[in-house]
Amino acid sequence: MKPRGAQNEQVFIDPVCGMEVCHMSAMAECLYQGKTYYFCAAICREAFEAEPEKYIRPHRQHGVKSG
Ligand SMILES: [Zn+2]
């Protein structure tokens with residue numbers, strides 16, 4: 001497997017399914033709170049728009065409960 005040549009292509013994470021989408025491959029986008037989110041499919045955008053806060057919660061998760 002060869003690493004792809006690094007180009008100035010921005011990659012975004014689809015917040016709904018976690019898939020990587022680049023600007024060219026994004027099938028849908030949504031502007032929310034001043035930030036543009038990209039999605040792999042329109043259905044992901046629909047899920048995001050239904051409950052955006054569910055998908056953009058902060059990544060800082062101190063203390064992981066177990067059990
Ligand atoms: Zn998706």
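Predicted model: local features only at pLDDT ≥ 70, side-chain atom pairs only at ≥ 80, totals over all residues.
Residues are numbered from 1 along each chain as its sequence is written.

The chain has two helices and four strands, and from the N terminus on these elements follow the order β-β-β-β-α-α. Helices (H or I, at least four residues) and strands (E, at least two) are DSSP runs, numbered from the N terminus. Of the 67 residues of the chain, 15% count as buried. A residue is buried if 20 or more other C-beta atoms lie within 10 Å of its own, exposed if 12 or fewer, and partly exposed in between, with C-beta atoms placed from the backbone. Two residues are in contact if their C-beta atoms, placed from the backbone, lie within 7 Å. Among contacts between residues at least 6 apart in sequence, 24% join residues at least 24 apart.

Strand 3 (residues 28–32) and strand 4 (residues 35–39) run antiparallel and are joined by five bridges; two strands pair if DSSP finds at least two bridges between them. Within this pairing, Glu29 has Tyr38 of strand 4 as its bridge partner. The two strands form a hairpin with two residues between them. Gln33 lies in the loop between strand 3 and strand 4, and its phi is near 50 degrees, a positive value in a residue other than glycine. Most residues other than glycine have a negative phi. Gln33 counts as exposed because it has 8 C-beta neighbours inside 10 Å.

The largest nonpolar core is made up of seven residues: Val16, Val21, Tyr37, Tyr38, Phe39, Cys44 and Phe48. A nonpolar core is a set of buried Ala, Val, Leu, Ile, Met, Phe, Trp, Tyr and Cys residues joined through C-beta atoms within 7 Å. Strand 4 and helix 1 (42–50) are the elements that give two or more residues to this core, and the largest share, three residues, comes from strand 4. Not counting residues up to four places away in sequence, Tyr37 touches Pro15, Glu29, Cys30, Tyr32 and Phe48.

In helix 1, the residues Cys44, Arg45 and Phe48 are buried. Seen down the axis of helix 1, its buried residues fall within an arc of 100 degrees (taken from the directions from the helix axis to the C-beta atoms), so they line one face of the helix. On the other side of helix 1, Ala42 and Ala50 are exposed. The cover over the buried residues of helix 1 includes strand 3, strand 4 and helix 2 (52–55).

Two further loops remain to be described. Met19 is placed in the loop between strand 1 (11–13) and strand 2. Because it has 15 C-beta neighbours inside 10 Å, Met19 counts as partly exposed. Leaving aside its neighbours within four places in sequence, Met19 is in contact with Asp14 and Cys40. His23 lies in the loop between strand 2 (20–22) and strand 3, and with 12 C-beta neighbours inside 10 Å it counts as exposed. His23 touches Glu9 and Gln10, not counting residues up to four places away in sequence. From C-alpha to C-alpha, His23 and Val11 are 6.8 Å apart in space, although twelve residues apart in sequence.
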